[in-house]
Amino acid sequence: MNLELITRRTLLAGSAGAAALVLAWRGGVITLGRKGGVNDWLAIEPDGAVILKVTNVEMGQGAQTGLAQIIADELEADWSRIRIEMAPIEAPFLGPDGDYSTGGSESIKTHFDRFRALGAAGRDMLVRAAAARWGVSAAACRAENGRVIHVASGRALDHGALAGAAARLQPPASPPLKPRSAWRLIGKETPRLDLPTKVNGAAIYGIDVDRPGMLVATLAQSPRFGGKLVSVNPAPALAVPGVRRVVNLESAVVVVADGYWAAKTGLEALHPVWSPGPLAGVSSADISAKLHALAAAGGGKPHLEDGADAAAVLAAHQSAMAKGARRFSQTYEVPLLAHATMEPMNATALVEGGKVTLWVPSQAQSDLRHDVAKAMAIPESAVEIHTTQIGGGFGRRLNTDYGVFAALAAREVGVPVKLMWGRAEDMQHDFYRPATVAKLEAALDGTGLPVAFRADIASLDTNPFGGIAPTPYAFPASYVTATTWNPGVPIGAWRSVDWTQNTFFVESFVDELAGLAGADPVAYRERLLAGNPRLLRLLRAAADAADWGKAAPSGRFRGAALCERDGTPCAEVVELTPGAAGEAPRVHKVTAAIDCGTAVNPGQIRAQVEGGVTLALSAALAQEITLADGKVEQALFDTYPMVRMAAAPQIETVILDSPDFPISGVGEPPVPPLPPALANALAAATGRRVRTLPLVSQKRAAV
């Protein structure tokens, strides 16, 4: 290949152009930015490095790598030169509601079109800069793997050498996007950018933070939700070598020491006195009984489409229900669940000069900044947040309590304080997946298909409609209500939120309807999905990959389920051998089909499916959070068991491509179908229907 001759002219041009090409994005318009500016999403440095600012934290989901693939593909960047930086928590990087957060499977979905446009704009400007340098037309040049090439002569210049000249050009109003056929990174299994540092130990998680002069702390909160600290004698803790301070907060006591072990030992020596709180005397049995009564009574707040008349919707439902040949109803229940992330809650804080600096594994930086500012009575501008890697989020780190506690403790000490929660503290002071009971009812025609559907939900949550209003099947004359009752249990987003409860209810119910109709469960679902070719194709893909319709190996049985979570449908088939009475079944294989429109990184999608299936399997088999006298009974993984390697099933993932549909997320959709598919397989094996999770309840077995 001929390289451009180095002349005095090109040397001077190169030195004069030693500047970065920085592109900004505001209100859907791409403009020139400036290095170090508050809106520089993309920068091509003079040395060829490509720096991408992102607002989505890395917590094992691989989102940052996917985002880099999108922009690098359109830019035609050299993949080895891509660098990722967390964007500042400033207005240009905030979402429409002023939020800066990671959750809801939104990372790729939110930025796909924007990052394609930014990359395409950069490519266009670099090509035009090279064409001007060579005195040729831009059409005679192409960008390829970090260079611009003049096709006829073979001359080439690196992106870095062109960045300064490109920065003097106007970004295109409508960047020329590549056709799908020209993608070389989007849709390919590309190694994750974060893996090398995780393998060599260089990655910094929140729990790894170390600051000059830092002390380490741990805490105990009121064992009952809502309880307050009445008093505590600090002397036993202060007698432990290494303990520096005991800090009393409204609902917690914090022990600050030279290291975690001293802090933990000091905390265990304390005997704090707590107020009873509103949950004193409340048990899980009380909560379950109340929710069952509310679901049976019905009459909660109906879910209505915008502009719909509540009375008219109810009248249409009742009319259709009366015309059914028969009715069928059942009630289902799911328990509280903890997030149980591998990295317990932690945050490091420094309070100095009226300013709070936090180093924290957070999913919701804007909320954290707001809540810390409120707790400290300072402006939000005085709160600076540095986001670390996250050792598991699943929605838990959308809450801000652990960061606020760290800031309050650090204010009392005057040096950086790393506040680390023990596992039991983490398990017993979570924001839990809500306990929920639902009564489902259908009126059926002569062929066994629904002509009307009703669900009455009773939940600790305030808006528990996801995945059931509507269901993937768009049942006719549907009427869904919800009644909220919560005695004071903290509730939060658990991976896939409402869909984890409601998919279990709906898919168990549909399987029972199939049994009433004497139909194969997959064939029955296909009849329900006759008007939805995308979901029909997805269900068939999962069934075919799982050999549905063919005899299972001796002693094994299969069950199926599907869901659609915010535009991403996922169907799963579980193959299992039932266990002995009171024992968990042995799950041999899970086959999952997923369709997110465009698969940016198929390898990472498979990893997300495998993680989601394993998380959901643990929850379905044996996990539950229970209360006795207002206190959480589970503390460690012996009472909140996870699926271990020896019991992990084979997981096969089928990725469908639907380019005519918008791109959507994959982190959450693999979770909801697993529990009902498992229960449906167990019903096929034993003839007994499990309508309450988990399948093997330590608490129910002990009663």
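This is a predicted model: local features need pLDDT of at least 70, side-chain atom pairs count only at pLDDT 80 or more; totals for chains, interfaces and linings use all residues.
D566 lies in the loop that runs between β23 (557-565) and β24 (568-577). The phi angle of D566 is near 50 degrees, which is a positive value in a residue other than glycine.

A second residue with a positive phi is N145, where the angle is near 50 degrees and the residue is again other than glycine. N145 is found in the loop between β6 (141-144) and β7 (147-150), and with a relative accessible area of 39% N145 is partly exposed.

**Cis peptide bonds**

Another cis peptide bond joins L693 and P694, with omega about 0 degrees, and P694 is found in the loop between α17 (674-686) and α18 (698-702).

**Two helix pairs**

Two packed helices are described by the angle between their axes and the distance between the axes. The table sets out these values for two pairs in this model.

| Helix pair | Axes come within | Crossing angle |
|---|---|---|
| α2 (residues 63-75) and α3 (residues 107-134) | 6 Å | roughly 30 degrees |
| α14 (residues 521-528) and α15 (residues 533-545) | 10 Å | roughly 165 degrees |

For the pair α2 and α3, the crossing angle of roughly 30 degrees makes α2 roughly parallel to α3, and α2 passes α3 in a right-handed crossing. On the side of α2, the residues that meet α3 are A63, G66, L67, I70, I71, E74 and L75. On the side of α3, the residues are S107, I108, H111, F112, F115, R116, L118, G119, A120, G122, R123 and L126. Sorted by class, the contact of α2 with α3 has 11 nonpolar, five polar and three charged residues.

For the pair α14 and α15, the axes cross at roughly 165 degrees, and these helices are therefore roughly antiparallel to each other. The crossing in which α14 passes α15 is left-handed. The contact is made by V522, R525 and E526 of α14, together with L536, L539, R540 and A543 of α15. The residues of this contact of α14 with α15 divide into four nonpolar, no polar and three charged.

P521 also has its place in helix α14, and at 21% relative accessibility P521 counts as partly exposed. Which residues does P521 touch once its neighbours within four places in sequence are left aside? P521 is then in contact with D511, A514 and W548. Although P521 and A561 are 40 residues apart in sequence, their C-alpha atoms are 9.1 Å apart in space.

With its neighbours within four places in sequence left aside, L627 is in contact with F225, L279, V282, S283, S284, I287, V489, V632 and E633. The C-alpha atoms of L627 and G281 are separated by 9.4 Å, while these two residues stand 346 residues apart along the chain.

**Cysteines without disulfides**

How many disulfides does a search of the whole structure find? The search finds zero disulfides. A disulfide is a covalent bond between the sulfur atoms of two cysteines, and here the distances from two of the cysteines can be followed in turn.

The sulfur of C563 has its closest cysteine sulfur in C570, at 6.0 Å, which is too far for a bond because a disulfide requires a pair of cysteine sulfur atoms within 2.5 Å. C563 is buried, with a relative accessible area of 1%.

For C596, the closest cysteine sulfur is likewise in C570, and the separation of 10 Å is too far for a bond. C596 is buried as well, with a relative accessible area of 3%.

Technical notes: Residues are numbered from 1 along each chain as its sequence is written. Side-chain values use heavy atoms; hydrogens and water are left out. Buried means under 20% relative accessible area, exposed over 50%, partly exposed in between (1.4 Å probe, protein chains only). Axes are lines fitted to C-alpha atoms, for helices over the stretch in contact, and angles run from 0 to 180 degrees between N-to-C directions. Helices (H or I, at least four residues) and strands (E, at least two) are DSSP runs, numbered from the N terminus. Angles under 35 degrees count as roughly parallel, over 145 as roughly antiparallel, 65 to 115 as roughly perpendicular and the rest as oblique. A crossing is left-handed if the near helix is turned anticlockwise from the far one by less than a right angle, and right-handed if clockwise. Contact means heavy atoms within 4.5 Å. Ala, Val, Leu, Ile, Met, Phe, Trp, Tyr, Cys and Pro count as nonpolar, Asp, Glu, Lys and Arg as charged, and the others, Gly among them, as polar.
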